[in-house]
Amino acid sequence: TGNWSDPDGHGTHVAGSVLGNGTMSNGQIKGMAPDAKLVFQSILNYTTYNLTSIDLYNTLFPDAYSSGARIHSNSWSTKSLSTSIDYDMQSYIVDKFMWNNSDFVVLCSAGNSGIVGLLSPSTAKNCITVGSSRSSRNGGDINYLYSFSNRGPTAEGRIKPDVVAPGTYIVSTKSMLPSIASCNQSYENNGNYSYCSGTSTSTPIVAGIVALIRQFYVQTKGIS
């Protein structure tokens, strides 16, 4: 509480993929929607680097919504990455909040254990669940799902993930703390950016695209 620093680096990296404006790279490295604004929510335990207890329905989503956010990007899960789970209470809460707030979209990463099966809350029906394809960087073939990306169907046979996006060797903003634990491989000669891979990195790319789609509907079609 009250601590905005990022000792892990994961949150800084995914935020930059959504809406980094390229300030630290002379405009060369930007997120998908660089003119968007961010509501930042800290859910990391600073001591253990684990997620804190998250009340999605009464705290996390309402706080973001009341602050003006309509796109919520989530690169986390409630279980270990090696454990596939069925539709659970967290997934239900995602569905319920989106059903009751139809102008609010939640994106969830599919998980990184390469298994057939998804992690909560990405098993939700209403959220956009994002898997990871390869990126062209380092010779990757963009037509293939990357091996670490979880894939569906869900336990009851629904098709998930909904979309996949590049998730390997993604370059984005790097935490300024010297002891960050992940996403800390600096990009070439610019220590303000780093590489990272996973469905965590493909999800914010889609979130930024969703922001552009929403902008089109609001500004061009008058649909919110």
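Me: Two strands count as paired if DSSP finds at least two bridges between them. Which residue in E4 stands opposite Ser132?

Reply: Ser132 faces Ala165 of E4. Before we go on, this is a predicted model, where local features need pLDDT of at least 70 and side-chain atom pairs count only at pLDDT 80 or more, while totals for chains, interfaces and linings use all residues. Residues are numbered from 1 along each chain as its sequence is written, and side-chain values use heavy atoms, leaving out hydrogens and water.

Me: How many residues of E3 are buried?

Reply: Buried means under 20% relative accessible area, exposed over 50%, and partly exposed in between (1.4 Å probe, protein chains only). Five of the six residues of E3 are buried, so this strand is largely enclosed by the rest of the structure. For another category, take Met32, which is partly exposed because its relative accessibility is 34%. Met32 lies in the loop between helix H1 (10-19) and helix H2 (56-66).

Me: What is the strand order in the open sheet of three strands?

Reply: The order is E5-E7-E6, with antiparallel pairing. Strands E5 (170-173) and E6 (185-187) are at the edges with a single partner strand each, so one side of each has no neighbour in the sheet. On average, neighbouring strands here are turned by 55° against each other, direction ignored. E5 and strand E7 (residues 190-196) pair over four bridges in the antiparallel sense, with Ser172 opposite Ser194 of E7.

Me: Which helix packs on this sheet?

Reply: H1 does, touching E5 and E7; contact means heavy atoms within 4.5 Å. The direction of H1 makes about 100° with that of E5, where axes are lines fitted to C-alpha atoms (for helices over the stretch in contact) and angles between N-to-C directions run from 0 to 180 degrees.

Me: Why is H1 described as largely enclosed?

Reply: Because seven of its ten residues are buried. In H1 the buried residues are His13, Val14, Ala15, Gly16, Ser17, Val18 and Leu19. They pack against E5, E7 and helix H4 (199-221).

Definitions and conventions:
Helix = DSSP H or I, 4+ residues; strand = E, 2+ residues; numbered from the N terminus.
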